[in-house]
Amino acid sequence: MNGGHPEAAATFLRDAPRAAWHDDSLWFMRERRDRATALPEWESLRTAGAALKAHAMSRLGELLEQFERQATANGVTVHWARDAAEHNSVVLGILQGAGATRVAKSKSMLTEECGLNPFLEASGIEVVDTDLGERIVQLAHEPPSHIVIPAIHWKKEEIGELFHRTMGTAKGESSPDALAAAARHHLRDALLHANAAITGANAIVAETGGVVVCTNEGNADLGMHSAPVHIACVGIEKVIATRDDLGVLLRILARSATGQPVTAYTTHVTSPRPGAAMHVVLVDNGRTARLADAEMRSALHCIRCGACLNTCPVYRRSGGYSYGHVIQGPIGAILAPAVDLSAHRSLPFASTLCGSCGDVCPVRIDIPAQLLAWRSRSAAAGTLPSGYATIFALLGRVLSSQGNFARTGRWGRRALRWIPAAWLSGRWNPWTRSGRELPLAPTESFRESMRREGRLP
Amino acid sequence: MTARDAILGAIRAAAVPPASAAPALTAPAATAGSPDMHEEFLRVLGTVGGRGVVRRADQSLDQALAALLGDDRDGAVIVRGRFAVAENAAVYVDAADLEARTQVVLPEHLVLVVPFDAMVPTMHEAVRLMPATSACGWFLSGPSKTADIEQALVVGAQGSRTLRVIFDVA
């Protein structure tokens, strides 16, 4: 993906009714979130969420070691992995050691980040994603387009067609009830016959050595309590200090994600059941580099609720795939440049800086400030999207001097009134290309009209 | 160097300045200790697709179960809930009280029997009641559900299709 958010967004927007439908679907989630967060203490909960994460990051090494001690004492095997390749080979090693060939996996953005599925499949291991949305995109050989609602871009008729081809549901069946019932049958079978379960973690608690997994479907529980081996794949930034911190986290997570007071299943597992094995893989993959970057550090606080995606006017109107990164939306736009600034150069600009992402973030990550900071770094590194450097240099000269600003305005208004409208709204102009019209330019500026009316001293 | 040493070394090298612990939060006085906590719990339980009752003094637990379950008695599994959380209709279930951990998710119909007095207003109090030596515990709030197909809520995804709560008066 080479700097292509605007191009990918333009492709997405070509189907206008579908784009409007996508926009509405996400706004529905945003409104659910608004109702669920209408608590008198919501703003202090956000402050507590930010504080518990900042605290955990300031003691990260200590907390990870405490977690490791606790978990080991509880009979869990803890592994460490520097990067995606190491993570994948650790997981494969555990599976091969256990003779496991069929894996039931519940939602984990970390394993998406590491490309675990294709890696395991290449080694002859069958992986079934057991979250319904993830199963839909897996059957379609697509990545998730939203971190919480992976198949948000799929219409029920299309899911019906996909299930007809892959699960043998009736042709033309598109009722969500019937499709979910078919998926229940299909996924329960995979879950109960897997010989290993892989889950992510919404948090790991240093105090208890516990792994916390939240789902609504119950798929993570069916997998981890049935299979002889459970592997939890966890980014190191997921560690929190205490059970008290967990109380805060659980109050903000589901309210922000889906507008529920809490998920249907919130599992705190500290030990394998008798006769079974439990492993936790702690993964860095760039997180310690982010930790060392004071300006961008707080992006590690992200609890992957997706609230910033649902509220973002750009995400809603451009779709998850336009970001070209495993994490989409505003949070993706500040995480991706840390992975490769040049490749993701367009993402810090995939925002109007309206600030809504920062306002809804339950752990108060200042996403707009980081978007802006990435733009500055992009300019300094010479990786601005093509044309931006010239435009910004010009804009800088115009906007930094009142005289230049007034002169440019005068010339511009005159030019806009003289140049033929047909040429102004030609194919070259991205503003009019998407169906908008240029208004007739006024003859005078706001300042000039105020002065003429004698209302400017 | 092992991965563990490399990661812990990189964390030390990042030299993050100290940050104080999160402020202790308690529920606002309006909900804490309110006599309406059961009412609130049952209201929220309804919104998350579950059903609940308080056993009446003139009923045995069996009678209350029969009334609540109706035709779903076959395929129903009854487990003990340690305590309930008013704000989100969650019931804490501990693996120590189960024959198998899958009991919280495998049955078609799940019934949680919770002592009437074991109720806290929010998750702040709830996490403190989790047993210190728990091998596995759950906060269960309503039945299994999904909204992954066009955000249409479907109850009964991979887990239990129904979830009922009985508050049992000692």
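Mentor: In this predicted model, the count of salt bridges between chain A and chain B is 8. One of them joins the side chains of A:Arg188 and B:Glu108, with a distance from N to O of 3.8 Å; the cut-off for such a pair is 4 Å, so this pair qualifies. Polar contacts between chain A and chain B come to 34 residue pairs, counted where both residues have pLDDT of 80 or more. Sorted by class, the side of chain A that touches chain B holds 22 charged, 21 polar and 41 nonpolar residues.

Let us turn to the extent of the interface. On the side of chain A, 84 residues are in contact with 65 residues of chain B. Together the two chains bury about 5900 Å², and carbon and sulfur atoms account for 60% of that area. Within chain A, the residues that lose the most area to chain B are A:Tyr265, A:Arg243 and A:Arg184, which together make up 12% of what that side buries.

Strand S9 of chain A, residues 265-269, pairs with strand S7 of chain B, residues 136-140. The two strands run in the antiparallel sense and are joined over 5 bridges. Within this pairing, A:His268 has B:Gly137 of S7(B) as its bridge partner.

Finally, consider the domains of chain A. Domain 2 spans 37-288, domain 3 spans 401-452, and domain 1 consists of 5-12 + 306-380. Between the C-alpha centres of domain 2 and domain 3 of chain A, the distance is 53 Å.

Terms used: Residues numbered from 1 in each chain as written. Chains lettered and ligands numbered in written order. Predicted model: local features only at pLDDT ≥ 70, side-chain atom pairs only at ≥ 80, totals over all residues. Heavy atoms only, no water. Contact = heavy atoms within 4.5 Å. Buried area = accessible area lost by both parts, 1.4 Å probe. Polar contact = N/O pair within 3.5 Å; in protein donor to acceptor, adjacent residues only side chain to side chain. Nonpolar A, V, L, I, M, F, W, Y, C, P; charged D, E, K, R; others polar. Pairing = 2+ DSSP bridges. Helix = DSSP H or I, 4+ residues; strand = E, 2+ residues; numbered from the N terminus. Domains from an automatic or database assignment.
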